[in-house]
Amino acid sequence: MIVVKKIIKEVVVLLILTFCTSGIMPSDISIAAEDKTFNYGEALQKSIMFYDFQRSGKLPSDKRDNWRNDSGMEDGSDAGLDLTGGFYDAGDHVKFNLPMSYTATMLAWSVYEDKDAYEKSGQLKYIKDSIKWANDYFIKCHPEKDVYYYQVGDGGKDHNWWGPPEVMQMERPSFKLDKENSGTTVCGETAASLASAAIIFKDTDPEYSETCLKHAKELFEFADETKSDVGYKAASSYYSVSSGFWDELSWAATWLYLATNDNSYLEKAEGYVSHWGVEQQTTTISYRWGQCWDDVHFGAQILLARITNNPIYKESAERNLDYWTTGYDGNRVQYTPKGLAWLSSWGSLRYATTTAFLAGVYSEWSGCTPSKVSIYKDFMESQLNYALGSTGRSFEVGFGTNSPKNPHHRGAQGSWLDKKGVPGYERHVLYGGLVGGPSADDSYIDDVEDFTHNEVACDYNAGFVGALAKMYKAHGGEPIENFKSIEPKTNDEFYVEAAVNASGPNFMEIKALLYNKTGWPAKVGDKLSFKYFIDISEIVKAGYKAEDIKVSTNYNQGAKVSNLIPWDEKNNIYYVNADFTGTKIYPGGQQHYRKEVQFRILAPSIDQNATYWDNSNDFSYEEIEKTPGEAPKQTNKIPVYDDGVLVYGITPEKGGKEVKLGDLDGDGEVTLTDMILLKKYLISTKVEINEKAADINKDGEIDIADLYELEALL
């Protein structure tokens, strides 16, 4: 990692002296007095990894974490389509295509600008994977020329539940646009995404590039013909369009021109400019806001300025950048006391870092007014450094000093109880996520409840990634070699708590609760079971057999409870099997993450004073709560199984051999030897291993994802 350096510039010293004599406060300038540099390579690397954690659908075998898994696998089924894939929007699990397509376009724009920086940092593969992940989904959403599915998931139902995406159970409807119910804004933005993707994949995957371009052209034509957002309703109150659709049409047409060199698209792009928003009571193109999912004319005018060299675009672009830096016509964005250009309480860092990217792009253009080049570049650096920790705390999760530990993100927190306060900490590190940011006075509280300042979102990171690429290009930095998010488990994922419910001379009644608190990754358990072991030696001595002992249930939340099954028949060791197959137990709330069963083990009665029943020699009895009425205790002597594979606890020493996940050589332990065996098996399946034990993530396949899981077990 590079060493953090403090550089005091002479010009800044002069400015400080000016403050002392003029009464101007430091917040009145855009460049903070203390300029720091950071490991921009690491920051860039992690900011791209954030998108790995936002993926929906079937995850790739080369994924870089051990806590995400396939999710949203029924998306589109209500429409008879496969609409799996894409990105979850923010800390929730709706797939909003408007901010998602904006995100993908911004990421592609960054590659278009700074491909060499991504190659040098080793991040080109990862950012292109993210861009493709989004655009693959958009292609699915466009099954025919004038039909586009612009959203999957109901915002209200989704926001009413707090849990990891792998175990979602709520209805996830698909929302469609067509000629009668059109959505120009989202179709235009998606066309821009596909067109920009066509550009960056043209050299490496020309066939995919052509596919993207085909869909981009059709969606643009659809958007241009309809010019209406009448059908765009499902995202109301989440991503409502306020800037109109003309900016998206210009944005899309500009990207199509860059992808095709077809002047008709450039003519279209410029033809919409007269419809762009203007400042109140003027004819001046709007400049007092920033590039975002709702208003992309700021980016479009920079691209058009470079393409056409037309003063209208140059002047408008510089008005906007001046507004963010030195001010324009008496108007200037607000600055926090510590130097953040602060536009809005919602995603304050999103606006600042995205405008920083635009400032970086524009300042590198030869047409930028020479006296403004250093101003715009200094602005970019000051805003990125603020986000990375120049004031003493980083706002990028998992990077730098005092970074956020509790972002508002369901998947990262991994609650099993459908509550933000449970478990009281984030189970997973959401590397690279840029949180919303501080208030106008620089105040910030790292609180999972605070979705205004502490939520993350795909669009928050979009411009941030681009600006980081430029900072890396200018200052360097070392990404972490082979960086992965492979985490140790912080708690038992499956276990049983048990207590004596009642007892008598010839019976024992057990209250047992089976828990699913999975998080590496979260999973729905519909084939879970546990075994309760007893020793019936005293009963055999009294002249009875196992068949004479009956098991019945008192209270049951879905288990099929067996009579005694032999484990080590020679030594009179048997077990009761409580099989919850068909009952979903998952980390999704009070009624879902655990299931209870009360079962009674009853031996024949000799007489009222019979004392031959003995619990003390029962393996599973040893660690449970023995006082009726007291809370059950967790015990590892009531082992838990998932589809017949031991996933928690221990069994009596004698008896049948268990299959333990990760124990590929069958020696009863998970060791480095098992790791070596699995690596050899992945190269050649001729290597002999216990394949059931090797499928650690239980997805029916043995692949590199299981290797990551095995690393976490060691």
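Axes are lines fitted to C-alpha atoms, for helices over the stretch in contact, and angles run from 0 to 180 degrees between N-to-C directions. Helices (H or I, at least four residues) are DSSP runs, numbered from the N terminus. This is a predicted model: local features need pLDDT of at least 70, side-chain atom pairs count only at pLDDT 80 or more, and totals for chains, interfaces and linings use all residues. Residues are numbered from 1 along each chain as its sequence is written, and side-chain values use heavy atoms, with hydrogens and water left out.

**View 1. Helix 4 crosses helix 7 at roughly 50°.** Helix 4 spans residues 124-140 and helix 7 spans residues 206-226; their axes come within 10 Å.

**View 2. The contact of helix 4 with helix 7 (heavy atoms within 4.5 Å).** Helix 4 contributes Lys132, Asn135, Asp136 and Ile139. Helix 7 contributes Tyr208, Thr211, Cys212 and His215. By class, 3 residues are nonpolar, 3 polar and 2 charged.

**View 3. Helix 3 packs on helix 6 at about 30°.** Helix 3 covers residues 97-121, helix 6 covers residues 184-200, and the axes lie 8 Å apart. The two helices are therefore roughly parallel (under 35 degrees). Helix 3 also passes helix 6 in a left-handed crossing.

**View 4. The contact of helix 3 with helix 6.** Residues of helix 3 here include Leu98, Tyr102 and Val111. Those of helix 6 include Val186, Glu189 and Ile200. The contact holds 11 nonpolar, 7 polar and 1 charged residues.

Methods:
Ala, Val, Leu, Ile, Met, Phe, Trp, Tyr, Cys and Pro count as nonpolar, Asp, Glu, Lys and Arg as charged, and the others, Gly among them, as polar. Angles under 35 degrees count as roughly parallel, over 145 as roughly antiparallel, 65 to 115 as roughly perpendicular and the rest as oblique. A crossing is left-handed if the near helix is turned anticlockwise from the far one by less than a right angle, and right-handed if clockwise.
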